[in-house]
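The exercises below concern one protein chain and its two ligands. Look through the sequence and the coordinates before reading the solutions.

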Amino acid sequence: MTAKPKVALITGVTGQDGSYLAEFLLEKGYMVHGIKRRASQFNTQRIDHIYQDAHVENARFRLHHGDLSDTSNLVRIIQETQPDEIYNLAAQSHVAVSFESPEYTADIDAMGALRMLEAIRILGLEKKTRFYQASTSELYGLVQEIPQKETTPFYPRSPYAVAKLYAYWITVNYREAYGMYACNGILFNHESPRRGETFVTRKITRGLANINQGLEDCLYMGNIDALRDWGHAKDYVRMQWMMLQQEQPEDFVIATGKQYSVRQFIEWTAEELGMSLRWEGKGVDEVGYWEDRPIVRIDSRYFRPTEVETLLGDASKAKEKLGWQPEITVREMCKEMVMHDLEQAKQHALLKANGYEVNVSVE
Ligand code: NDP
Ligand code: GDR
């Protein structure tokens with residue numbers, strides 16, 4: 001007789017982390033349920049390769065329509081799936097967008113976490129279901145201490161970060177108030193070829209690959225002096241799972257402990273593409289040249305009303321208590337992203353050369 005597989009429920013399964021986590025858990029033998037939003041077009045590109053037809057017997061990957069704004073829907077899905085582990089990854093996750101849609105961001109990122117925790121409680125699953133909350137280094141915001149660790153005070157700098165601050169504390173509160181196994185992963189930026197196209201690393205690798213293939217002329221950037229601690233999403237989802245396998249629930253910082261500027265990431269990307277980049281000018285007038293062509297310019301539209309200038313994480317606790325360490329370096333990750341986006345740009349260039357319309361826009 002084979003043991004019953006563990007059951008996981010992932011919100012945000014169609015996103016970058018959700019897709020890697022689903023792959024990871026399926027490899028571990030889990031039954032994986034994911035919540036996807038209804039959209040007017042297919043939004044499952046990142047998980048299509050692991051999709052299993054629901055008609056197939058013993059399919060171990062199932063999708064459910066749902067939304068973090070809809071309590072009754074969440075209660076029903078949790079009731080039906082009876083998960084051992086819930087990974088709450090769903091969010092309006094773009095910091096700049098949160099300034100434009102602060103109320104929506106609060107509803108999904110803050111209240112959404114509360115709705116998930118309450119659903120567990122309403123269903124009497126407090127002792128069965130373990131809960132992971134996708135917390136963020138954005139909580140640190142305005143620098144209070146460098147590097148940032150679990151004990152560093154928070155100072156959120158965007159509607160996104162403020163919403164995530166609520167989610168962080170409500171997770172701690174439900175752990176303390178109801179004895180739930182609930183914990184926060186305070187994750188620093190993590191990227192991959194599956195990163196959303198409007199986050200800075202992907203915008204750069206995609207934008208410069210398009211320029212390299214003659215699909216675009218120039219990449220417009222915001223604050224390129226911002227400093228980030230970038231890791232690879234694959235390394236970080238492993239840690240999300242590890243956090244739910246401990247005897248006691250605790251919160252952990254996940255980071256590489258290395259920090260680089262956005263400017264540096266642009267230079268690495270250009271290097272991978274064999275495009276030597278030369279900077280001229282200062283501030284908003286700074287321009288990056290490839291030979292005599294201006295290919296990177298600053299557009300103040302991409303500046304944020306309040307910026308997080310510097311993030312650098314100290315993941316010693318994760319290393320000591322869980323033995324976690326990142327395996328993929330930022331340069332390896334940059335190369336992987338560039339190769340992926342170059343391949344895509346080449347395909348688009350071919351389509352274009354044959355008279356097809358292609359959408360290569362970079363936001
Ligand atoms: P993505 O933006 O790639 O994915 C977000 C996911 O949430 C998508 O599946 C999206 O669905 C879903 N979603 C958005 N709104 C709703 C909603 N109202 N109801 C249900 N689902 C919704 O994010 P990442 O994978 O990069 O990040 C995962 C989580 O980790 C997020 O909570 C993010 O805030 C947090 N985080 C991310 C970090 C990073 O560097 N990547 C660092 C620290 C924290 P759809 O595909 O339909 O848009
Ligand atoms: P961040 O990621 O805000 O850190 O949030 P993002 O990649 O959007 O920005 C990183 C830094 O780059 C600067 N920047 C630009 N950013 C974007 N998107 N576009 C630009 O053109 C641009 N130019 C400069 C930004 O100002 C910023 O300083 C991500 C998200 O995944 C969150 O969900 C997560 O919580 C945090 O990482 C940790």
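The exercises that follow refer to this model, which is predicted.

**Exercise 1.** Determine how strand 2 is placed among its neighbouring strands, and whether strand 2 is enclosed or open.

Solution. 
- Start with pairing on one side. Strand 1 (residues 7–11) and strand 2 run parallel and are joined by five bridges. Within this pair, V7 stands opposite M31.
- Turn to strand 3 (residues 61–65). Five bridges link strand 3 to strand 2, again in parallel. Here G34 has L63 as its bridge partner.
- Helix 1 lies with strand 1 and strand 2 in a right-handed β-α-β unit.
- Check burial, for which a residue needs 20 or more other C-beta atoms within 10 Å.
- Conclude. Strand 2 (residues 31–36) is largely enclosed by the rest of the structure, because six of its six residues are buried.

**Exercise 2.** Describe the residue shells around ligand 1 and ligand 2.

Solution. 
- Ligand 1 has 26 residues around it, of which G12, G15, A90, A91 and A134 come nearest.
- Sort this shell by class: nine residues are nonpolar, 14 polar and three charged.
- Assign the shell to elements. Helix 1 (16–27) and strand 5 (130–136) each contribute at least two residues, and helix 1 gives the most, with three.
- For ligand 2 the shell has 23 residues, and V95, T136, V200, G222 and A226 come nearest. Helix 3 (95–100) and helix 6 (200–212) are the elements that give two or more residues to the shell around ligand 2.
- By class, the shell around ligand 2 holds 11 nonpolar, seven polar and five charged residues.

**Exercise 3.** Find the largest nonpolar core and the surroundings of I10.

Solution. 
- The largest nonpolar core contains 68 residues. I10, A22, V32, L117, F131 and I254 have the most contacts inside this core.
- Helix 5 (residues 159–178) gives the most to this core, with nine residues.
- A second, separate core has 23 residues, including L208, V262, C334 and M337.
- Now take I10. With neighbours within four places in sequence left aside, I10 is in contact with G18, L21, A22, V32, G34, Y87 and L89.
- As background, nonpolar side chains in soluble globular proteins tend to be buried together.

**Exercise 4.** Classify E23, Q82 and E291 as buried, partly exposed or exposed, and identify the backbone features at Q82, E291 and P147.

Solution. 
- E23 belongs to helix 1. E23 is partly exposed, because 18 other C-beta atoms lie within 10 Å. Its C-alpha atom is separated by 9.8 Å from that of K234, 211 residues apart along the chain.
- Q82 sits in the loop between helix 2 (71–81) and strand 4 (85–88). Phi of Q82 is near 45°, positive in a residue other than glycine. Q82 counts as partly exposed, because it has 13 C-beta neighbours inside 10 Å.
- E291 is in the loop between strand 14 (287–290) and strand 15 (293–298). Its phi is near 55°, also a positive value in a residue other than glycine. E291 counts as exposed, because it has 9 C-beta neighbours inside 10 Å.
- P147 lies in the loop between strand 5 and helix 5. The peptide bond joining I146 and P147 is cis, with omega about -5°.

Key:
Residues numbered from 1 in each chain as written. Chains lettered and ligands numbered in written order. Predicted model: local features only at pLDDT ≥ 70, side-chain atom pairs only at ≥ 80, totals over all residues. Near = placed C-beta within 6 Å. Helix = DSSP H or I, 4+ residues; strand = E, 2+ residues; numbered from the N terminus. Nonpolar A, V, L, I, M, F, W, Y, C, P; charged D, E, K, R; others polar. Buried ≥ 20, exposed ≤ 12 C-beta atoms within 10 Å, placed from the backbone. Pairing = 2+ DSSP bridges. Right-handed = clockwise from strand over helix to strand, strands pointing away. Core = buried A, V, L, I, M, F, W, Y, C linked by C-beta atoms within 7 Å. Contact = placed C-beta atoms within 7 Å.
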